[in-house]
Amino acid sequence: MDSDAYRNCCSLVKIPRPSYEQFWSSHFVDYIDKDLSYSKFFKKYLLPNHPCMFSRRFTEDWKCRKQWVSEEGKPNFQKLLQEFDETPVPVANCNAKEYNANPKQVMPFKEFIHYWKEYIKNGHSSPKGCLYLKDWHMARDYPEHNVYSTPVFFSSDWLNEYWDTLEVDDYRFVYMGPKGSWTPFHADVFRSYSWSANICGRKKWLLYPPGQEEFLRDTHGNLPYDVTSAELRDRSLFPRSEEACQPLEIIQEAGEIIFVPSGWHHQVYNLEDTISINHNWLNGCNVDIMWQFLQSELSSVQKEIDEWRNTMDSWHQHCQVIMKACSGINYAEFASFLNILAEHRMSVLNACSSGNSSDYPRHLSETLTTLGPYHAAFDLQRVAHIIECLLCNEDFKRLDHSTLTLQPETMLQQIRDTIQSTRGQHLLYQE
């Protein structure tokens, strides 16, 4: 991040997001084929929460673009089998519905590849249904492979930074699916951003700007499983569907990377036999959207078990437990998430002031150095803002704060002290 980008956003309390109206009747997004600075991407796409597509030149040096793809541009099954063979992988059945998703099973990689080859031979059909290898943590399972690198535009990634620090999980995935495989209508986890790169094959994306999904709810308040279903034209089932704009329809070619912003609901089809890499991620530009989502999730849980509110002394704690089970995170873990991110960035600014980078978290040193101290300062200000929101939230006040690793008030003061003590001591804050 450069100084101009920092100055333009350092005083923001609420991220200004222009209307999405320009996308209501458009089928076009910006196509980036030339060099683009991180600061321009930050200002033009991250802050306003707008989608874009990067050309294949941004993935042309990835090993997987060469090793996983045949000369004909198809999946190189032989090479893939050599690398992954007996590896257990998650596989969904696109022909089956389980709630608003597809049921999954775990099978050896070679069994999936055998199925895929037979599926192609049978004219892209199988009595087993249309199977789709998805949400596979390949980078976590094979860290030594290094078959791709995260583009700098997506490197301010708090979500994976947090999980990498805990060494528990990640949100980096590989998808492999035959022509006809698809992903039902959804928005990404915690309302995160996502980026998705086609290693080979083609995809069709149907994207709806934030807010449009409200028109697509049925009479029970549920979102559709398939947004292209004829059921949506039945006003007795979906009374407001005609008010929704037409989806933004995007064809993604081999090698291209799509940036899907926060809260954009989408449905995705593989138009050919396709391999893709996808990361979910969030940062200071959309952490406020995550916080709004978490409040909405807790409110939904509270409504579901409201009848027991007055019969349980620990009702609020039970709501947090249920929220964690349903959403993957609760308020206490969100506070821990913010603490860890703040600690990393305070280390960056203190190191910049002292000239000693030895205190950097080792696994983040390259990323934090690339993004620079301006970004660390911006991130800290965003964390501080969300902590202030937490401290004003009645549900957060009801938590047992003794279970938190660091009290939010203490962290907030440390952030303020760090920003104040480093201001004026480093080129970061000089004109």
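Is Cys 319 buried or exposed? At 0% relative accessibility, Cys 319 counts as buried. Here buried means under 20% relative accessible area, exposed means over 50%, and partly exposed lies in between (1.4 Å probe, protein chains only).

This is a predicted model, in which local features need pLDDT of at least 70, side-chain atom pairs count only at pLDDT 80 or more, and totals for chains, interfaces and linings use all residues. Residues are numbered from 1 along each chain as its sequence is written, and side-chain values use heavy atoms, with hydrogens and water left out.

**Cysteines**

A disulfide is a pair of cysteine sulfur atoms within 2.5 Å. A search of the whole structure finds 0 of them. Cys 64 is in no disulfide, and the nearest cysteine sulfur, in Cys 200, is 9.4 Å away. Cys 64 is buried, with a relative accessible area of 0%. For Cys 319, the closest cysteine sulfur belongs to Cys 326; it is 11 Å away, too far for a bond.

**Helix 9**

Helices (H or I, at least four residues) and strands (E, at least two) are DSSP runs, numbered from the N terminus. Helix 9 covers residues 315-327 and has 13 residues. From first C-alpha to last it reaches 18 Å, close to the 18 Å expected at 1.5 Å a residue. That expected span is 1.5 Å times one less than the number of residues.

Which residues of helix 9 are buried? They are Trp 315, Cys 319, Gln 320, Met 323 and Ser 327. Seen down the axis of helix 9, these buried residues fall within an arc of 145 degrees, so they line one face of the helix. The arc is that of the directions from the helix axis to the C-beta atoms. The face turned away from the buried side carries the exposed residues Val 321 and Ala 325. Just after helix 9, Gly 328 takes a positive phi of about 90 degrees.

**Salt bridges**

A salt bridge is a side-chain nitrogen of Lys or Arg within 4 Å of a carboxyl oxygen of Asp or Glu. The structure holds 20 salt bridges.

| Pair | Closest N and O atoms |
|---|---|
| Arg 140 and Asp 169 | 2.8 Å |
| Arg 345 and Asp 379 | 2.7 Å |

Asp 30 is partly exposed at 35%. Lys 44 is partly exposed at 48%.

Next come Arg 140 and Asp 169, with closest N and O atoms 2.8 Å apart. Arg 140 lies in helix 6 (residues 138-141) and Asp 169 in the loop between helix 7 and strand 6 (172-177), so the pair ties together parts 29 residues apart in sequence. Arg 140 is partly exposed at 38%, and Asp 169 is partly exposed at 24%.

Arg 345 and Asp 379 have closest N and O atoms 2.7 Å apart. Arg 345 sits in helix 10 (residues 331-354) and Asp 379 in helix 11 (residues 365-392), 34 residues apart. Arg 345 is buried at 2% relative accessibility. Asp 379 is buried, with a relative accessible area of 2%.

**A linked network**

Glu 161, Arg 345 and Asp 379 are linked in a network of salt bridges. Glu 161 lies in helix 7 (residues 158-166). Glu 161 is buried, with a relative accessible area of 5%.
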